[in-house]
Structures are given as structure tokens and as C-alpha cells.
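Please examine the model shown below. The paragraphs after it begin with a pair of helices and then turn to a sheet.

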Amino acid sequence: MSREEMLALGWDTLDVLLITGDAYVDHPSFGCVLLARWLIHHGFRTGLVAQPRWDKPDDLLVMGRPRLFAGVSAGALDSLLAHYTAFRKKRHDDAYTPGGKAGARPNRACLVYANLARQAFPGLPLVLGGIEASLRRVSHYDFWTDALRRPILMDAKADLLVWGMGERGILECARRLDQGMGADGLTGIPGTAWLDKLDAEGRPAHLPAALADAPLIALPGHQRMLDEPEQLLRLTQALEQQVHRGDAWAFEPVDGRALVLAPPAAPLNTTEMDELYSLPFCREAHPVYKEPIPAAEMLRTSITSHRGCGGGCSFCSLALHQGRHISSRSAESILSEARALGQTATGRRSKGGVAISDVGGPTANMWQAHCALEEELEAESGGATGRKSRCRRSSCCFPSVCKAFVAPQRKHVELLRAVAALPEVKQVRVASGVRADLALRDPEALAAYTGEFTGGQLKVAPEHCAPSVLALMRKPPLTVFEAFLDSFVCQSRAAGREQYVVPYLMSAFPGCTDEDMYTLAHWLRQRHWNPRQTQCFIPTPGTIATAMYYCGKNEAGEDIEVARTDAARLRQHHILMPVADAAEARRKPPNTHGPEKQPVRRKR
């Protein structure tokens, strides 16, 4: 992060400079740090500017002009989501900042940092990436201004956008620029987007030759979406398909130009995942910081076992960012990281080994999950054509778990037991939660998750109980969650443990009415649950649910009721979390509710 550190490494200049809205914690859960380690591993000298001041470019100049390009990311969260609540109130904390203090990154951080980079390094190729850029890669609804905004590349005026998981894309950028190809040579890289002119036929005028014969997905134009709001929903559905099928490119006409999206980058295979997570992360915040960084403390003893999620929930950004394909690390790689964590903990004089807080990913019990249809397609093609999918489902788990979706949960349990058996490890927990419908398919695995790896509380996300709302969310019916609860209670009793389920619940979802919220409140009262994990739906860019919120229609094009005003959203939220109860909840420790022995909420 400084010239002194560069010189200590024997570097006289950087090849790549990455700018991020997060503080620098040398942990693989921090995206820019992961990519920086990946670039260095492949021979590119990389520096990091973390949370620079945004009134002048001086912080970007401390290590000089990079030789190849500058990369910009808002950080682990969309900057507006990091700053504002569901009711547009300013947040007072930021888990990715020293001391947990809010205000260290600007609103629309990608745009601000891109402008700083252009000031600091005129003419240098500029690449956007990270969750904020990835989900705003096409025209998108912006909840905070209640408007449809153009693709972020048009406002940032960057040369390229790397969307999704960026290891392949950013490395190819570095290689092409290192070969002297220039910014114009960056087009066509899988998992990227760029701007082009439109030809007389309304198509991109300078399409890379590699895309000429590839399948095309034509997206609705920006003006058409302004005129017909339902077209945003069609665009989002088409993008989901592009990410999942793996072989198609797409373009969107915007203000006389074309936003071109290359086919997605192939997910990392197990060997590559092992290589990536074996890089020498020290899992500590940079010593320049004097205050602790909350996210660093929370993630210090967690292990990422995989990425991607087959759920495809309509409100989740994973479908357009990580995708539904699961990339898993090997058991050997995970065990090696667990040993290293234990040895580090021993160095800190921790008694009895390390307590590992999580071995998981977006959904813990999807480690090594895969689609049998993709395996068949690879076998037919000899495995030489890259990743394709003949599946066109929007979810591997909705309306029910697909028969072709293979999730070897007993192998995951065996892995957890192997980690727990290490002499350097005191205990192992699964904090990232489990998918209830998957867990019910394997009672033996569910018994192990409950009896061995739940630290008193297990996170599950039913989200709602009304059938119409669950269908809009692409969540399984309530009967699935209730069957899971019954099994959880039985297994907890059999293990002699008092344990609780922590259900995540949502209010004001598109299509959810006040009556639906009263139905959910009644269901909670029947179970004597006092909710502590209720959130009001936030329309974040790029999701199906956000498109439904914007146009007021479901995926079939039928009209639905949408709580659009803050008053309507608050009314729904307070059906579950009355103001007095919310104030009381803030005074009590969170996540203490469970399926049994809970006091009935007092009458109001």
C-alpha cells in the first residue's frame, strides 16, 4: 500500500493498481485482495489503494503510475447499500472500515474512484469490477433515486467491466496489456462488458471475431425499458440465462451505442480453487490500521469451501454474480487451511486449538454440488468446448429440487468431521446456514449438521410463509420448512442439546400484501416466535425481484401488488416488528428465538 512496501519487495513500479472501498484485510473473503494475490501469483506486481479520499487523487499517486491498468471496485458491498437502510436512513456503521465507522467510502464509489483514476493517470486503461459494477453492468433500477439508470460503464467512462467472479478476466486483461495490445484489445474477454458503436442493422459494429458464430441474446434497449417497464424483467431473466447457459453473448442498445457482454468466464475448477486459496494470505488487517475492522474479526476463523449457489432465489444477486454453478475446493485444501488456522491460533497462545466459525459458502450444504446434465454434455463433447448447460431452469431448487442437481451432503459431513478431528482444531461450526430442502433429502447429513456442527443456533431462510409470496421468491413451500423444523427439534433432543433455528424473514417483497404479512405474523405467534432477523426488502440492482418491484408484474407478466412507498413498506415491516418491540430487540442479545420454550408476545 506504500512506496516503502514496494521497495521492500524489490519493485520499482507497479504493473496493476487496484482501488477498493474496503479497508485492506489480507483475507480471501476480500475481493480486491484475492485478485491482487492472484495477479502477483502470475507475475504481475500489484498494489492496493484502500478507501482513498475522494476529493483529490493524491492517495492514488503514492506508488506512482501503474504500467498496465488501474482496477476499480466499490468493495464487498454496493456502496449505497452499505450507506443506507431499507428506509433510506443513513447507516452509522460499516463492517469493512476500521472502527466500524461509516463514511469511509463515497456513494456510487465505482464512479467516484473511476473519476479519481482518470485524474491521476490520464490515458491509462481503466477496468471496473466487484459487486457494485457487476450488478449494474446493464440498465438497472436504482432504488435510491427511484429511476432506471444506464449501464455503469457509460457513467464511469471506463474501458472495460469485469462482471462475476473476476480471476480469469482480470488476469487476461493484464496479459493482453502486457503484450502491448492496448485498451482496444481488451474486448472479447469472457466475463467482461464494453461499449461499442451500433452499425446500420442495430448491432455492435466491431464485434470480436470469436463471438461471430456464438449464440446471441438480444436484450431490450434502454429507451424501450423506460417506455415499457416490464422489459426490465425480461432483460434480467435473459441475463440469468446468459450466465447459466455459459456459451452466449449479449448486447443492449443504449443511447445510440451498444453495451456488449461476452459469454461468462468459465468457473474455476477444483485445482484452480485450491491454487487460489493456497496463496499466502496472512488473514490480518494491514498494520497501518489502529482500530479493529469488524469484518476481519468475524471472518478470521472462517473457511470458504465453495462458491456459487443453485438456489436462484429471485431476490439474490448470486444468480448474476457468482452464478448457479458450484466451484468447490478439495477436502485436502480445506484441511490444509484448517491446520494453518490452528497453528496461527496456537501462536497467539490459544488453548486447545482454534474454533472454526464456518466451513461453507453461500449455502454450506452445496459443497461439491453439481448438475448431472452438464456432466453428460461434457462427456458428449469430450470436455473440450468449455462450459455449457442444456438446462434452462431458473433455479436448481425451485419449484422443487431438480433430480439432476447432485449435492453429496454426506461428503460435506465427512469433511467437517475430518476438520474437527485435526489436533489444531477445537471445534467446527456451520455458520453460513443450510438449505432446508436439500438437507431433508439426506436425514443422516441433517442429523450431523444438527447434532455435531450447530453451535446452538442454525441459520435457515424460509423468508415467508404465504404460498404466493414464496413462489415469487422462488422458495420452497412452507411444508418443507416445517418438516425441517420438526427434524431439527428431534435431532437436537436426540443429541441432548438445546438448540434453536434462526429463520430469516422478509417484509414488503414484491407481490406481498398486508394480509400476507398478517398471515406470517399469525404463523409466528402459533410457534411462539418473536422475530429478530426480519428485514424489509431492498430493491438492489440486477435481481429478478427488483425488476418485479419496478414494473409491478410477476415473471409471467401478471400484475402484482407492490409496496412502493416508504409508508407502505414500514406498515408491512411493523406488522412483524412493531416499533416498541424493535426498540426492545435492540436492547436484547440477537438470535435468541427458537422452536420451543419461547414466551408468547404480549398483547398490544
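Leu446, Ala447 and Thr450 in helix H16 meet Phe484, Ser487, Phe488, Gln491 and Ser492 in helix H18, where contact means heavy atoms within 4.5 Å. Helices (H or I, at least four residues) and strands (E, at least two) are DSSP runs, numbered from the N terminus. The model is predicted: local features need pLDDT of at least 70 and side-chain atom pairs count only at pLDDT 80 or more, while totals for chains, interfaces and linings use all residues. Residues are numbered from 1 along each chain as its sequence is written, and side-chain values use heavy atoms, with hydrogens and water left out.

Two packed helices are described by the angle between their axes and the distance between the axes. H16 and H18 pack at an angle of about 55 degrees, and their axes are 9 Å apart. This angle makes H16 oblique to H18; angles under 35 degrees count as roughly parallel, over 145 as roughly antiparallel, 65 to 115 as roughly perpendicular and the rest as oblique. Axes are lines fitted to C-alpha atoms, for helices over the stretch in contact, and angles run from 0 to 180 degrees between N-to-C directions. The crossing of H16 past H18 is right-handed, a term used when the near helix is turned clockwise from the far one by less than a right angle, and left-handed if anticlockwise.

What does H18 look like on its own? Helix H18 covers residues 478-494, has 17 residues and reaches 24 Å from its first C-alpha to its last, close to the 24 Å expected at 1.5 Å a residue. The expected span is 1.5 Å times one less than the number of residues. Among the buried residues of H18 are Leu478, Phe481, Phe484, Leu485 and Phe488; buried means under 20% relative accessible area, exposed over 50%, and partly exposed in between (1.4 Å probe, protein chains only). The cover over the buried residues of H18 includes helix H16 (443-452), helix H17 (467-473), strand S21 (500-507) and helix H19 (514-526). Just after H18, Gly496 takes a positive phi of about 70 degrees.

The sheet comes next. Strands of a sheet pair through backbone hydrogen bonds, either parallel or antiparallel. Here nine strands form an open sheet with mixed pairing, in the order S2-S1-S3-S4-S7-S8-S11-S10-S9. Its edge strands, S2 (46-50) and S9 (216-218), each pair on one side only, and the twist averages 25 degrees from one strand to the next. Two strands are said to pair if DSSP finds at least two bridges between them.

Strand S3 (residues 69-73) is mostly covered, with five of its five residues buried. Phe69, Gly71 and Ser73 point one way from S3, whereas Ala70 and Val72 point the other way. Strand S1 (residues 16-20) pairs with S3 in the parallel sense over five bridges, and Val72 is the bridge partner of Ile19. S3 is also joined by three bridges to strand S4 (residues 126-128), again in parallel, with Leu126 as the bridge partner of Ala70.

Finally, helix H2 (residues 31-41) lies across S1, S2 and S3 and runs at about 170 degrees to S1.
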